Amino acid sequence: MFKQVRGLFLGKNKKAKQANSEIVAIFQELQEREGLVDVRLKHADGNLWKMNCKIVSVGKEKLSLVPVQKFSSHWLALVPDEDILECYVPSSTSKTHILHGGVCPVLEPVTEKSLVLGFPERLEQGERRINIRLQPHTEHMPGIHAWSIETQKTENGKTVERNVLFATKPGSKESQRLICNLSSGGIRLSLSKEFLKKKQLNLKKGSKVLLQLDFGALRKEPFWLSAHVNNVHLASEGAYEFGLQFTGYIRNKKEGVWETVDLFGVDDLAKLIQALLAEYKVGDRGVADGEDSKTIAITL
């Protein structure tokens with residue numbers, strides 16, 4: 001997931017041939033200057049594996065890479081035409097840490113010294129060291145319903161149990177205490193020791209959670225998201241913070257089709273966050289007495 005989304009760079013809203021040729025040209029230019037591609041594998045257990053790779057060849061439809069070090073078993077287990085990897089390309093002109101990133105499909109079996117990928121459909125520009133997260137004002141805190149997801153073995157196979165963890169209303173103080181920050185790719189929650197003990201919750205790294213985020217009047221439909229616990233740490237004497245990474249979402253509740261969350265996060269949630277950030281920027285400047293405050297419309 002990009003730590004700061006700067007806006008669309010290439011791919012979307014362009015003709016496919018034009019976008020593809022521009023993306024191919026970026027990788028060709030990187031090969032010429034012997035730059036490295038930052039390739040990342042997000043494992044199902046929540047771990048992130050990274051490898052710098054040199055470009056061997058750039059074709060019309062695929063990209064051949066060689067790792068700086070040998071690929072481990074996690075990489076060798078990737079399945080062609082099913083698994084995807086995140087690829088970050090450094091800017092050729094910027095003196096900062098700006099990257100262009102996209103999702104690349106694995107095209108051929110991975111070996112210790114070779115990786116063949118397809119080109120990303122789009123590239124977005126991001127900055128590695130900055131992370132835009134939303135810390136909403138109380139009135140914009142979403143209501144959050146959360147369920148733990150556990151798979152139990154039975155005589156007839158497996159069953160999935162869904163247990164309610166907590167539920168809050170939009171704009172409530174409970175939401176404010178619960179939510180540390182929110183991005184288009186995940187959410188950080190603060191839960192007290194007493195709450196965890198009372199609910200007998202055993203949330204740990206890799207635990208699966210189902211979420212409903214309700215922004216009230218800001219959005220007609222709530223966001224339905226699946227997530228897993230990516231990290232846990234003791235934030236204060238009486239609370240633990242849980243970093244949840246979104247793994248799937250339902251774009252249309254009526255259709256009920258789950259879509260995978262890629263490194264760009266959930267698009268509609270990103271739009272809402274960007275609109276709220278713009279509103280906070282206006283509000284931070286303050287409004288003089290007698291002037292009207294301006295409400296920013298959010299179009300999803």
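1. Helices in this note are DSSP runs of H or I with at least four residues, numbered from the N terminus. A salt bridge joins the two, with 3.8 Å between the closest N and O atoms. Glu174 counts as partly exposed at 43% relative accessibility, whereas Arg177 is exposed at 56%.

2. The model under review is predicted. Its protein chain has a mean pLDDT of 77, and 73% of the residues reach 70 or more. Confidence is highest in strand β7 (residues 115-118), at a mean of 96, and lowest in strand β1 (residues 5-10), at 38.

3. Two stretches call for caution. The pLDDT is below 50 over residues 1-16, although this stretch has 55 contacts in the model beyond near neighbours in sequence. Residues 127-131 also have pLDDT below 50, with 14 contacts beyond near neighbours in sequence. Where pLDDT is low, the predicted coordinates should not be read in detail.

4. A search of the whole structure finds 7 salt bridges. One of them pairs the side chains of Lys62 and Glu108, at 3.3 Å from N to O. Lys62 is in strand β4 (residues 62-67) and Glu108 is in the loop between β6 (98-105) and β7, so the pair ties together parts that are 46 residues apart in sequence. Both residues count as partly exposed, Lys62 at 39% relative accessibility and Glu108 at 32%.

5. Lys70 and Glu112 form a further salt bridge, in which the closest N and O atoms are 3.9 Å apart. Lys70 is placed in the loop between β4 and α2 (73-76), and Glu112 in the loop between β6 and β7; the pair therefore ties together parts 42 residues apart in sequence. Lys70 counts as exposed at 53% relative accessibility, while Glu112, at 40%, counts as partly exposed.

6. Strand β11 (residues 179-183) is mostly covered, with 5 of its 5 residues buried. This strand pairs with β12 (residues 186-192) in the antiparallel sense over 4 bridges, and the two form a hairpin with 2 residues between them. Within the pairing, Ser183 stands opposite Gly186 in β12.

7. Asn181 has its place in strand β11. Why is Asn181 classed as buried? Its relative accessible area is 13%, and the class applies to values under 20%. The C-alpha atom of Asn181 is separated by 9.5 Å from that of Gly243, which is 62 residues away along the chain.

8. The largest nonpolar core has 31 residues, and those with the most contacts inside it are Ile187, Leu211, Leu213, Leu244 and Phe246. Elements that give two or more residues to this core include β11, β12, β13 (208-214), β14 (223-236), β15 (239-250) and α5 (267-284). A second, separate core of 27 residues includes Leu63, Val89, Cys104 and Leu123. As a general point, nonpolar side chains in soluble globular proteins tend to be buried together.

Note on methods:
Residues numbered from 1 in each chain as written. Predicted model: local features only at pLDDT ≥ 70, side-chain atom pairs only at ≥ 80, totals over all residues. Heavy atoms only, no water. Buried < 20%, exposed > 50% of the residue type's maximum accessible area, 1.4 Å probe, protein only. Pairing = 2+ DSSP bridges. Core = buried A, V, L, I, M, F, W, Y, C linked by side-chain atoms within 4.5 Å. pLDDT = per-residue confidence, 0-100. Contact = heavy atoms within 4.5 Å. Salt bridge = Lys/Arg side-chain N within 4 Å of Asp/Glu carboxyl O.
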